[in-house]
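Keep the 3D view open and follow along as we go from domains to single residues.

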Amino acid sequence: MDFLFITQQSLSAAIGVNTIIFALAAIGLNMHFGYTGLLNFGQAGFLAVGAYSVAVSVVSFNVSLWVALLIGIVNSIILALLLGIPTLRLRADYLAIVTIAAGEIIRQVARSATFNKTLGGSDGITGKFGKEFFDLNPFTAGLDLPFLRFTPNDLWVVVVGWALVAVILFLMWLLVNSPWGRLLKAIREDEDAVRSLGKNVYLYKIQSLIAGGVIGSIGGFVYALSRQSVQPDNYGTALTFFAYTVLILGGAARVLAPIAGAVIFWFLLVFVEQMLRQAVSAGYIPEWLIGVNQVGQIRFMLVGLGLMMLMIFRPQGIFGDRKELALDARA
Amino acid sequence: MHAPKSNFKEQAQAAFASISAVPGIAKPDPIIIANNVRRQFGGLTAVNVEHVEIQRGSITALIGPNGAGKTTFFNLLTGFDTVNEGNWTLNGEQISGTPPHKVARKGMVRTFQLTKALFRLSVLDNMRLAARHQRGESFIRGLFPAIWKKQEAEITAQAEELLTRFKLIDKKNDFAAALSGGQRKLLEMARALMVNPEIVMLDEPMAGVNPALKQSLLGHIKDLRDDGMTVLFVEHDMDMVRDISDWVIVMAEGKIVAEGTPDSVMGNQAVIDAYLGAHHDLSLEEGR
Amino acid sequence: MSSIAFTLLTSLFFSAIATSASAATPTYIQGTLVDSTKAPIAGVTISATGPNNFSGESISDASGKWKIEVPAAAVYQVSINQEQLPSGQALTDPAKAIIKANVISLGFDVTILFPIGPGVEKATDLERSAQLLADGLILALVIALAALGLNLVFGTTGLTNFAHGELLTLGGLLTYYLSAVVGLKVFLAIPLAVALSALIGGYLQDKFLWQPLRRRGTGLIAALIVSIGLAILIRYFFLFIFGGDTRQLPEYAGQAGLALGPVSITPKSIITSSIGLAMLVIATLWLSRSHMGKASRAVADNPALASSSGIEVERVIRAVWILGATLASFAGIMVTVNQGVSFVMGQDLLLLIFAAVTLGGLGTINGALIGSLVIGVSIQLSTLFIPTELKYVGALVILILILLVRPQGILGKKGRIG
């Protein structure tokens, strides 16, 4: 059992690209669900829109990367409006189902053969669309420490990514502690009360949906740029559900919580995988119980189990306040 | 603009003395006029009000047995429910079909049968939420504390003044969930005042409130009228109705069956029939 | 240690073969064209295109064989000239007319299969509509069986159960296990699988998970998320046990369809659909006539009132879970008998089930049935206008559009507007 390797992999993952992506997805969800009580189960769709906007704009339309990023943000605003206008009148359960449907529509269209000239079909789009970003990379060597390991490109993504997360969190902190944020929290609890005080609840819900959606699509940017590839099946409902797991783990309705949740989630995911893999290879776990190829599946079983345990025994997550719990409400 | 307090009660009583106790009677200075308001649920007609007017600056009680349609009528007037037909005006302006938040902004504020104090906000935040002009409530401006900090301070001062008046000032930083049932009612009333309404519609303000607090609430309601506001409230507590209302409207099975001063209504045969017919075990004859 | 040596030796062996092969022998993409009766199809052109402007062709010979030589290891697009197929024969899935052949390295041929079946290719739109309508009704039946249980659980407990799809997979996988692994005849495996699913997915699930959560006072949104976690857990458990491939039952796998007018249905489809329809009818009759059934509807309407009327709410909920699991597992079995089962079967259908239930109105039984009908039929009929691969998208778009106009669904009760 090579514990040094396991630790290195796990720590690298804990602050690595995937954590940043899921942190951004969860921050967006925090805006929707944590602070406004919107059951958006289509967050993967926002990441997809961000990722595909970048890839398609650069690869098919030869647009500069920076313009492509702007296009991505505009597209996610449009998606939020398309999604919000019909659905924000619906009850929570209906909203959940409709947003899943929307996310699935996006994924199915993205992987369809009909549009595969522009969208790449089930193989997605692979190309050097991140070139302008990686040209700015000042790191010639990566990081090769005993506890952390990053390639030069990954290191650049990680540094820029965390800086981005910091800026977004700061803005979110400002918003959440402003009168606007107070309105959201009130809406989360009782929309009619807020209406009776003269506030246009609908407008605020749309604004929240847009804000969280844009943050989600920035997560999509990171996803696409880090791998220089966009695969439609990466943006399925599993992504949304894992983002929720991250959010709840950290503690919904706490500004910093999605970070904590993402870091811990990815650390554990990689740690458990590496431990199991090595334990099976070394023979500590018999082959008939778990095959080497099945380690990935065990990981996800544990995610499902973990989510259940979280919701049952500690729904406020690690940093949430039980009193402020958004998740206790009877719908 | 506000005359000395006692004038409003006298004005109201004088106004009502000039009209007869007939359902749908016109009022000398109506703030709300409603016509042919009908709400049906499947085969059931919940509300069927031909004509009603609410006198400005008075305390009007809306009473009737359970299921008479009082809360539904409230919901319809304030935009929380949509009518099958009917129209009504506030200060002469047509507001039928207006969404509830706009109705509130026009000056008609309501409270709810089951208190909607926002439990996960502090008492002070509950109050600050209701303020009408806080620039920080806009998304962009919310990002810049410099823009809204000063207004926040003003709003907080106004809120604290109201909280002091309602004797909730000590609880200002507690979560609203920590308040007792009666205190939540007070909070809801205080919060409604932050909106600077013209007419306050209270849906069963006494429900679930202990007797000691009832007197306090009664006093606050009278203060509302004495500050020039119109009050319309739904109640089952006949003592309270008799104590403070200037005028009483009685609903049964969706219709208005009687109107008049508290005394005239209490002895009205139609009213007694309505209550007894609905098996409402209430003795109207008994004194306090 | 010895395993490492073995791996090294075998890889050396294969790389030796590879290097020797690439030098001399040509590499082909090849296949054999046969129709649904396994008879060879001759005279059809197969073409392949690849990188560096490669293109090649081959015409299938008398035994149906064709092969195209390729110059390099790459991914090639292989297509078939459908016009040349004999009348009555066509690709079973016209959308899969171009298949990718991944030649990993020279010296290793790649075999491509073009599934051919009795063609509906030359069918008129009317004939196609009839077939699609029949398919749509069968799909609607599958969805309805699953939707009824989902709706009942929602109605009586308020839970939106995201793990409901796994009940379908459970039914299918148990049937597969009992017949393919244990060796029972399929017609015995099916009722046993249904019974086991009712026990595990209905009785035990309520007894050991949902009832304790209800007692704890767990909120509905929290329960919804718990069901998501449960779905993930179960689905990956299925993957763990059964692997990722689609499994076919050992019997009835390749049945030919009976021609009933313009419509072609396999006998197994007729039988399973009839049983499914009977189950659906019995279930709805049970709900409207029997004591327990009426009690269920009372609880769905107003649990507090039902309880104070003497109805044992917990017993009703248990019965509802068992009924739901029974119907859902049979729905999964219907799909398994006709198309096989994989660990994602339930998840794939879950969205459609939700669409049907939402469309019809959450919590209303007739709504679930109407919604299933609309979704099932519209999915299949939509392929007349939109590409087959996007048919689910069409259904979801219909869902969103209808909710735009009627937020409570077709038969749902209106909440407060505003």
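Chain C splits into domain 1 (4–85 + 93–118) and domain 2 (125–416), with bounds that come from an automatic or database domain assignment. The centres of domain 1 of chain C and domain 2 of chain C, taken over C-alpha atoms, are 40 Å apart.

A quick word on ground rules: this is a predicted model, where local features need pLDDT of at least 70 and side-chain atom pairs count only at pLDDT 80 or more, while totals for chains, interfaces and linings use all residues. Residues are numbered from 1 along each chain as its sequence is written, and chains are lettered from A and ligands numbered from 1 in the order in which they are written.

**Where chain C touches chain A**

Here, 39 residues of chain C are in contact with 41 residues of chain A; "in contact" says that the C-beta atoms of two residues, placed from the backbone, lie within 7 Å. On chain C's side, α5 (220–242), α10 (345–360) and α12 (391–405) each bring at least two residues. The largest share, 14 residues, belongs to α5(C). Helices (H or I, at least four residues) and strands (E, at least two) are DSSP runs, numbered from the N terminus.

What kinds of residues make up this side of chain C? They divide into 30 nonpolar, eight polar and one charged. For this count, Ala, Val, Leu, Ile, Met, Phe, Trp, Tyr, Cys and Pro are nonpolar, Asp, Glu, Lys and Arg are charged, and the others, Gly among them, are polar.

**A sheet in chain C**

Now find the open sheet of three strands in chain C, with the order β4-β1-β8 and mixed pairing. Strands β4 (65–70) and β8 (110–111) of chain C are at the edges, each with a single partner strand, so one side of each has no neighbour in the sheet. Two strands pair if DSSP finds at least two bridges between them. Strand β1 (residues 27–32) of chain C is joined to β4(C) by six bridges, and the two run antiparallel. One residue to look for is C:Gly31, whose bridge partner in β4(C) is C:Trp66.

**Two residues with positive phi**

Most residues other than glycine have a negative phi. Here are two with a positive value:

| Residue | Phi | C-beta neighbours within 10 Å |
|---|---|---|
| A:Gln228 | near 50° | 17 |
| B:Asn91 | near 55° | 15 |

A:Gln228 is in the loop between α11 (201–227) and β4 (229–230) of chain A, while B:Asn91 lies in the loop between β4 (85–90) and β5 (93–94) of chain B. A residue is buried if 20 or more other C-beta atoms, placed from the backbone, lie within 10 Å of its own, exposed if 12 or fewer, and partly exposed in between.
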